[in-house]
Amino acid sequence: MKNQRTQKPHNRRGTIAVLAAFMLTAILGMAALSVDYGYILYVRTDMQAAADAAVLAAVRELVPDIDGFQDDGMQDARAKVREYVNDNVKSSEYFQVPDADIEIGRYDRGAFYSGNKMTLLNTGVLDTIRVTLRRDGTTNDTIPLFFARVLGSNQAQITVTATAILPPVTALRP
């Protein structure tokens, strides 16, 4: 029986180099995907902030005049949405918002608490604006990715929505 201390050790030379190569590949892959994911979150946050600012500015255009009419409110609100979106979206030179993505209507308070999705009615005094901003390749370009191209994904699509509602007012003080 041989003594274990006297046995010649196995040749393990270079084992750490192979393990380091595998680990380095995995770490670089995760870092690359985190850069792409961080950029997607940056663009999404930028678009959400622009949508929030746009609806808050545009909903003021729906305030009825002294006679209770909202004649030019819808056109003014749409123009205000486009103005604020283009002023606040930093991730795109010119951001397009089609008319179909600017919804103006009256907020149905009964539908909200019934568990249904928020609905806009087309009757009565219009008090709600909902804006959807898209970077999905239809009206605006998609988000280019940097490192995910290695995995076959060249771009990402982002859609954000913001809604503003005028509170009901019974009387205004002078």
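**Entry 1**

I began with Asp-101, which is buried at a relative accessible area of 8%. I use buried for under 20% relative accessible area, exposed for over 50%, and partly exposed for in between, with a 1.4 Å probe and protein chains only. The model is predicted, so I kept its limits in mind: local features need pLDDT of at least 70, side-chain atom pairs count only at pLDDT 80 or more, and totals for chains, interfaces and linings use all residues. Residues are numbered from 1 along each chain as its sequence is written, and side-chain values use heavy atoms, with hydrogens and water left out.

Which residue forms a salt bridge with Asp-101? I found Arg-134, with the closest N and O atoms 3.0 Å apart. For a salt bridge I require a side-chain nitrogen of Lys or Arg within 4 Å of a carboxyl oxygen of Asp or Glu. The pair links distant parts of the chain: Asp-101 sits in the loop between α2 and β1, Arg-134 in strand β3, 33 residues apart. I noted Arg-134 as partly exposed, at 26% relative accessibility.

**Entry 1: other salt bridges**

I searched the whole structure and got 6 salt bridges. One of them joins the side chains of Arg-130 and Glu-103, at 3.7 Å from N to O. Arg-130 is in strand β3 and Glu-103 in strand β1, so this pair ties together parts 27 residues apart in sequence. Arg-130 is buried, with a relative accessible area of 11%. Glu-103 counts as partly exposed at 33% relative accessibility.

I then checked Asp-99 and Arg-82, whose side chains meet in a salt bridge at 2.4 Å, N to O. Here too the pair links distant parts of the chain: Asp-99 is in the loop between α2 (73-88) and β1 (102-107), Arg-82 is in helix α2, and they are 17 residues apart. Asp-99 is partly exposed, with a relative accessible area of 46%. Arg-82 is also partly exposed, at 26% relative accessibility.

**Entry 2: Asp-136, no salt bridge**

Where does Asp-136 lie? I placed Asp-136 in the loop between β3 (128-135) and β4 (143-144). Asp-136 is buried yet has no salt bridge. The nearest side chain of opposite charge is Arg-134, 4.4 Å away.

I did find a polar contact between the side chains of Asp-136 and Thr-138, at 2.6 Å. A polar contact is a pair of N or O atoms within 3.5 Å; within protein, one must be able to donate a hydrogen and the other to accept it, and residues adjacent in sequence count only if both atoms are side-chain atoms. Leaving aside residues up to four places away in sequence, Asp-136 touches Asp-141, Thr-142, Gln-157 and Ile-158. I take a contact as heavy atoms within 4.5 Å.

**Entry 3: layout**

I counted 3 helices and 6 strands. Helices (H or I, at least four residues) and strands (E, at least two) are DSSP runs, numbered from the N terminus. From the N terminus on, the order reads α-α-β-α-β-β-β-β-β. The protein has 174 residues, of which 30% count as buried. I also looked at contacts between residues at least 6 apart in sequence: 63% of them join residues at least 24 apart.

Thr-132 is in strand β3. Thr-132 is buried, with a relative accessible area of 9%. Not counting residues up to four places away in sequence, Thr-132 touches Val-97, Asp-101, Thr-159, Val-160 and Thr-161.

Is Ala-51 buried or exposed? I read 0% relative accessibility for Ala-51, so Ala-51 counts as buried. Ala-51 lies in helix α1 (residues 15-58). Leaving out residues up to four places away in sequence, Ala-51 touches Leu-133, Val-160 and Ala-162. I also noted 9.1 Å between the C-alpha atoms of Ala-51 and Arg-130, which are 79 residues apart along the chain.

**Entry 4: Ala-31**

Ala-31 lies in helix α1. Ala-31 is partly exposed, with a relative accessible area of 36%. The C-alpha atoms of Ala-31 and Phe-147 are separated by 9.3 Å, at 116 residues apart along the chain.

Terms used. Lys, Arg positive; Asp, Glu negative; His and termini not counted.
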